[in-house]
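Trainee: I am new to this one. Could you walk me through it?

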Amino acid sequence: MIVAMQERATEEQIQAVVERMVEIGFNVHKTTGTLQTILAGVGTPGAFNHKDFELFAGVAEVIRISSPYKLAGRGFRPEGSIVQFPNGVSVGGDEIVVMAGPCSVESRDQIFSAAAQVKAAGAKFLRGGAFKPRSSPYSFQGMGLAGLELLREVGDATGLLIISEVMEISQIELMLPYIDCFQVGARNMQNFNLLRELGLVRKPVLLKRGIAATLEELLLSAEYILSGGNYDVILCERGIRTFETYTRNTMDISAIPVIKKLSHLPIVGDPSHGTGRRDMVPQMARATVAAGADGLLIEVHPNPDKAVSDGAQSLFPEQFSKLMDELRIIAPAVGRDISQPVAVSV
Ligand code: PEP
Ligand code: MN
């Protein structure tokens with residue numbers, strides 16, 4: 001159930017509603033938007049008549065939520081959520097935010113070159129996996145802690161924010177000092193214990209859609225994180241598995257307007273995993289922005305042919321910089337801002 005308070009509702013009025021909701025057995029999540037306070041009741045309350053809440057002073061509207069996700073639904077924050085990061089960067093506002101870098105952190109030289117290249121082109125985040133979920137146990141599994149240390153060092157040197165994948169609960173504490181955003185990979189979208197723990201931290205989480213997940217399942221996974229009180233969740237469409245084999249996955253661009261309709265959470269697109277092919281990444285990146293996404297996650301490698309993972313889908317730095325120029329034409333056409341290239345000395 002969602003209780004939308006009136007614009008001028010007082011703290012006492014809000015408190016009275018919260019107390020009644022708790023009495024009935026709800027867990028109450030409160031969000032204060034620009035206009036009004038919204039109270040979302042989740043859990044399994046005892047019998048009650050939701051109409052009774054309309055009689056409380058200061059209440060504007062009471063909505064019974066029939067969808068299985070309550071906090072991830074649009075009704076919780078009708079105006080949309082903006083996830084704030086250090087350095088004044090935010091995802092979900094007017095600006096299209098680009099996160100770019102190699103699939104994996106491989107070496108100091110590699111990550112420092114990649115950082116300088118993506119920063120110069122206008123990326124705000126450096127991506128790079130230190131823990132890698134690989135289909136084969138014999139493939140490179142990531143540099144682990146040494147990779148995280150390099151990410152933090154290069155983040156501090158360049159001012160880029162750092163996003164990196166967390167694969168299991170035991171890595172959360174370890175990663176906290178090194179990263180600005182956790183990435184939950186497609187394979188872990190339904191690792192519910194991991195999601196619950198991420199609900200308890202106060203650092204943003206980018207949650208990727210699983211390879212066979214419906215959008216409702218994606219939103220339910222987000223709900224696990226939100227229900228722990230961590231509202232800083234960004235969704236990511238990264239392609240799903242279909243009967244088509246030409247591309248590695250099928251980039252579901254329609255997920256973007258669907259999520260925008262169903263949820264207040266920001267959504268970004270990952271055309272690198274969405275296509276698996278460097279020659280198709282720019283087209284899908286452009287389409288993602290045109291469809292209304294809040295940002296992009298793109299693999300860029302200083303020398304893709306030598307990459308230890310996902311080289312075939314990693315852009316050359318010049319390709320990435322050209323793509324950013326193209327996005328600077330598309331973004332304003334769909335009412336969005338995007339950063340300009342910057343002079344870099346690392
Ligand atoms: C990645 O971002 O490198 C990655 C492993 O992505 P996904 O979880 O989408 O496969
Ligand atoms: Mn990858």
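What follows is a short exchange about the fold and the ligand.

Mentor: Start with a caution: this is a predicted model.

Trainee: How many helices and strands does the protein have?

Mentor: Count both kinds of element along the chain. The protein has 15 strands and 10 helices.

Trainee: What radius of gyration does the protein have, and why does it agree with a compact globule?

Mentor: Begin from the length, 346 residues. A compact globule of that length would have a radius near 20 Å, so the protein's value agrees with the rule. That value is 21 Å.

Trainee: Where does ligand 1 sit?

Mentor: Look at the open spaces in the protein. Ligand 1 is found in the largest pocket.

Trainee: By class, which residues make up the shell around ligand 1?

Mentor: Residues around ligand 1 include R127, R187, K208, R238 and E299. C103, A186 and H273 are also among them. By class, the shell has seven charged, three polar and two nonpolar residues.

Trainee: How much of the accessible area of ligand 1 does the protein cover?

Mentor: Take the contacts to oxygen atoms of ligand 1. The K132 side chain has an N or O atom 3.0 Å from one, a polar side-chain atom of Q183 lies 2.9 Å from one, and a backbone N or O atom of A186 lies 2.7 Å from one. On its own, ligand 1 has 290 Å² of accessible area, and the protein covers 98%.

Technical notes
Residues numbered from 1 in each chain as written. Chains lettered and ligands numbered in written order. Predicted model: local features only at pLDDT ≥ 70, side-chain atom pairs only at ≥ 80, totals over all residues. Heavy atoms only, no water. Near = heavy atom within 4 Å. Polar contact = N/O pair within 3.5 Å; in protein donor to acceptor, adjacent residues only side chain to side chain. Areas by Shrake-Rupley, 256 points an atom, 1.4 Å probe, with all protein chains shown as cover. 1 Å grid on protein atoms, 1.4 Å probe; cavity = no way out; pocket = protein on both sides within 12 Å on 5 of 7 lines; lining within 4 Å. Sits in = over half its atoms within 2 Å of the grid points. Nonpolar A, V, L, I, M, F, W, Y, C, P; charged D, E, K, R; others polar. Helix = DSSP H or I, 4+ residues; strand = E, 2+ residues; numbered from the N terminus. Rg over C-alpha atoms; globule rule 2.2 N^0.38 Å.
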